[in-house]
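Please read the points below with the chain open in a viewer.

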Amino acid sequence: LRSENGRWIADQFRHGSPAYNAGVRSGDIIRSIGGGSVEAWLNNNSGLKAGETVIYRIERNGRPLQIRVTMTSYFSEAAGFFWLILILPTMFSIASLYLLWKKPKEKAAWLFFIFLQLFAVNTNALSLHFPEFLSILACNVFLLSGTLLGPVLIHFHLVFPKPASLLRRFTWLPLVFYLAGILIFIPYSIIQYHWATSDLRIGSM
């Protein structure tokens, strides 16, 4: 959506989205959504669930139209893909638990286990642009897992299959990488918070 001279116009949106499948096209002027203003919809549409419908009142080539749009979810649009990224990390996590059980005193086993948990979180998470506390917390866990993947992997390679000479000389080196990951996380977290709590969140149609 784009705002132009006080009007909301359907701009670029992905094929297969709920509005596109219902018949909304680029260039349509959106007069109202769900009986309210477009601004209100963009701010408060998080309450709708997949399968629920909403009425778009639009203007196309000077003619008023009403289009009923059925909401969908990411999962319903690509169920096979989401099952795959759920099952594979789960299998890897189980395998890493077995490895941890067999070698509980090895630092490399612990790092491998932690890496796979971070990987599982990172592949199964999405940015949720909602102002609720739990949504913001979930997003921060997602962001932190992503920024720590690299440091954990580097640490793993420093100790496996045997501790690197660089690590024996500079035992504090892994902390530098972890600190770098946290420093990268902080601005991302701030941006995510402002995005989630901004007065107007314009989402894709």
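**Notes on the predicted model**

1. Helix α8 covers residues 173-197, and its 25 residues reach 37 Å from the first C-alpha to the last, close to the 36 Å expected at 1.5 Å a residue. The expected span is 1.5 Å times one less than the number of residues in the helix. Helices (H or I, at least four residues) and strands (E, at least two) are DSSP runs numbered from the N terminus.

2. This is a predicted model, in which local features need pLDDT of at least 70 and side-chain atom pairs count only at pLDDT 80 or more, while totals for chains, interfaces and linings use all residues. Residues are numbered from 1 along each chain as its sequence is written, and side-chain values use heavy atoms, with hydrogens and water left out.

3. Which residues of α8 are buried? They are Leu173, Pro174, Gly181, Phe185, Ser189, Gln192 and Ala196. Buried means under 20% relative accessible area, exposed over 50%, and partly exposed in between (1.4 Å probe, protein chains only). The cover over these α8 residues includes α6 (133-159) and α7 (165-169).

4. Helix α6 has 27 residues and reaches 38 Å from its first C-alpha to its last, close to the 39 Å expected at 1.5 Å a residue. At Leu148, α6 bends by about 35 degrees, and a proline, Pro151, follows within four residues. The bend at a residue is the angle between axes fitted to the seven residues ending there and the seven starting there.

5. The chain has 8 helices and 5 strands. Their order from the N terminus is β-β-α-β-α-β-β-α-α-α-α-α-α. The radius of gyration of the chain is 23 Å, well over the 17 Å that the globule rule gives for 205 residues, so the chain is more spread out than a compact globule. That radius is taken over C-alpha atoms, and the rule is 2.2 Å times the number of residues to the power 0.38. The C-alpha trace spans about 75 × 35 × 25 Å along its principal axes.

6. Of the 205 residues in the chain, 31% are buried. Among contacts (heavy atoms within 4.5 Å) with a separation of 6 or more, 53% join residues 24 or more positions apart.

7. Is Ser32 buried or exposed? Ser32, in strand β3 (residues 29-33), is buried at a relative accessible area of 12%. Leaving aside neighbours within four places in sequence, Ser32 is in contact with Val38, Ile55, Tyr56 and Arg57.

8. The count of aromatic pairs comes to 6. The rings of Phe81 and Phe82 have centres 5.4 Å apart and planes at 75 degrees, so the pair is edge-to-face. Rings of Phe, Tyr and Trp (its six-membered ring) pair if their centres lie within 6.5 Å; planes under 30 degrees apart count as stacked, over 60 as edge-to-face and the rest as tilted. Phe81 is partly exposed at 49% relative accessibility, and Phe82 is partly exposed at 22%.

9. The rings of Trp110 and Phe113 also form an edge-to-face pair, with centres 6.4 Å apart and planes at 85 degrees. Both residues lie in helix α5 (residues 107-123), 3 residues apart, about one turn of the helix. Trp110 is partly exposed at 42% relative accessibility, whereas Phe113 is buried at 17%.

10. Phe112, Phe156 and Phe160 form one aromatic cluster.
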